[in-house]
Amino acid sequence: MDGSIEIETLTLEREGTRIFDGLSLRIGERRVGVVGRNGSGKSTLLRAVAGLIAPQAGRLRVAGVDVARDRAGALSAVGILFQNPDHQIIFPTVIEELAFGLEQQGHPRGVARERARAMLARFGHADWEERLCHTLSQGQRQLVCLMAVLAMEPRWILFDEPFNSLDIPAALRIEARIAALAQNVMLITHDPARVAGYDRVIWIEAGRVAADGPPDAVLPAYVAAMQAAAQDEPC
Amino acid sequence: MLSLALPGTSWAHRLPVGLKFGALAAAMLGLTWLTAPLPLAAALAATAGLYLSLGRRAVAEGARALRPVLWIVAFIAAWQVWEGVPMLGLVLGLRICTMVALANFVTLVTPLPDLIALIERLARPLARFGLSPRLPALAIALVLRFIPVLRGRMELLALSWRARSRRRPGPRLIAPLALSLLDDSDHLADALRARGGLAPRPATPPQGRD
């Protein structure tokens, strides 16, 4: 089965504002960056691909799954890391947070716990099992979210601005972790340097694809446009 | 996020969740029967003993969780003294503190998934009416889970207020608190939906690819 993200003539409105009007994209590369300014629609796109918001019209499938309707199927197709880990973490302790998604996938509790433990061990954090999520640092909480998503073994992992509000070592660490993932990755950022080594970069502007292709072709134009915007718009 | 939980593997954690909540319900009923201050004081002391048996951290967490209740109790007690029935105030105060402390204790030593499993078990008859037992289970667990978040949110708003004002915030923070809670609930809904939400769980888990 083809594991691509297929978006066909997608129309999406949020609170009366049309964000996408007939957007079509087919994404199958291993590392895909989505760049654009705040309010361009890139976060909405990511949420739609994760199946968190349903489009008004058009088709959106990930690995053949209609992610907005088939939530059970979507769990194995796509996982998402929100920009703020605090918006993602539901449970008080680390092990509960990791096991929840596995239970949601239909694993019995014992198996879910076992797999959650294995995931912690894989990242060298077996000692976090009974730690309270809110006592961890921002970077550590983000890692909890990543482990929780990885444990569910989705085909795609989506990252929404994963480098924001992290200090430099933490940002470099998550960058290296993302690079090492076996899964396909779609990552949103406004920082072109973060996706310079990716297979494909999609530049979204006002709900439309402004440019799409290898980083060398897209990023220079994107940077130039951002610099021009900084000069044109007085604060 | 903050939460009312005390991770660990103490004797209290190891008790079956059904027993813990059954005993809590019985204790609550018993406390409503006690009307003399002395037995109530003994009950409060016994509750304090429960916390002490788990060590210093449990005592600190319990005290922290009880603090907001103390204000209400102080208010009620003051009212009763004003009304000329100080003994009634003492009885009410002792009873409320013991009840809340006991409930907090059970919450602290019960992992949230255990609680969810318990409610799911109790709500199983609902399946006959086409309602998923997971619905009330997650709902109740999330309410419990978010009480401390509410407090944390209030503290943040108060800080933000104080940073720009010399006066205390008072009830004027209630509207922004309600709005920020709506925002929080949106985020929570997203977080739940991202992991399958309340959709019926698949009977067979997916086969691993690696």
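Select Leu181(A) and show its neighbours: leaving aside residues up to four places away in sequence, Leu181(A) touches Arg30(A), Arg31(A), Leu150(A), Ile157(A) and Phe159(A), a contact being heavy atoms within 4.5 Å. This is a predicted model, where local features need pLDDT of at least 70, side-chain atom pairs count only at pLDDT 80 or more, and totals for chains, interfaces and linings use all residues; side-chain values use heavy atoms, with hydrogens and water left out. To find your way, number residues from 1 along each chain as its sequence is written, with chains lettered from A and ligands numbered from 1 in the order in which they are written.

Stay on Leu181(A) for a moment. Leu181(A) sits in the loop between helix H6 (168-180) and strand S8 (184-189) of chain A; helices (H or I, at least four residues) and strands (E, at least two) are DSSP runs, numbered from the N terminus. Is Leu181(A) buried or exposed? Its relative accessibility is 6%, so Leu181(A) counts as buried (buried is under 20% relative accessible area, exposed over 50%, partly exposed in between, with a 1.4 Å probe and protein chains only).

Next, pick Leu45(A). Not counting residues up to four places away in sequence, Leu45(A) touches Ile7(A), Phe20(A), Leu23(A), Leu25(A), Met186(A) and Ile204(A).

Zoom out to the whole of chain A, with its 7 helices and 10 strands. Of its 235 residues, 55% count as buried. Among chain A contacts between residues at least 6 apart in sequence, 64% join residues at least 24 apart.

Last stop, chain B: select 65-82, which is 100% helix and 0% strand, with end C-alpha atoms 28 Å apart. Then try 88-110 of chain B, at 91% helix and 0% strand, where the end C-alpha atoms lie 33 Å apart.
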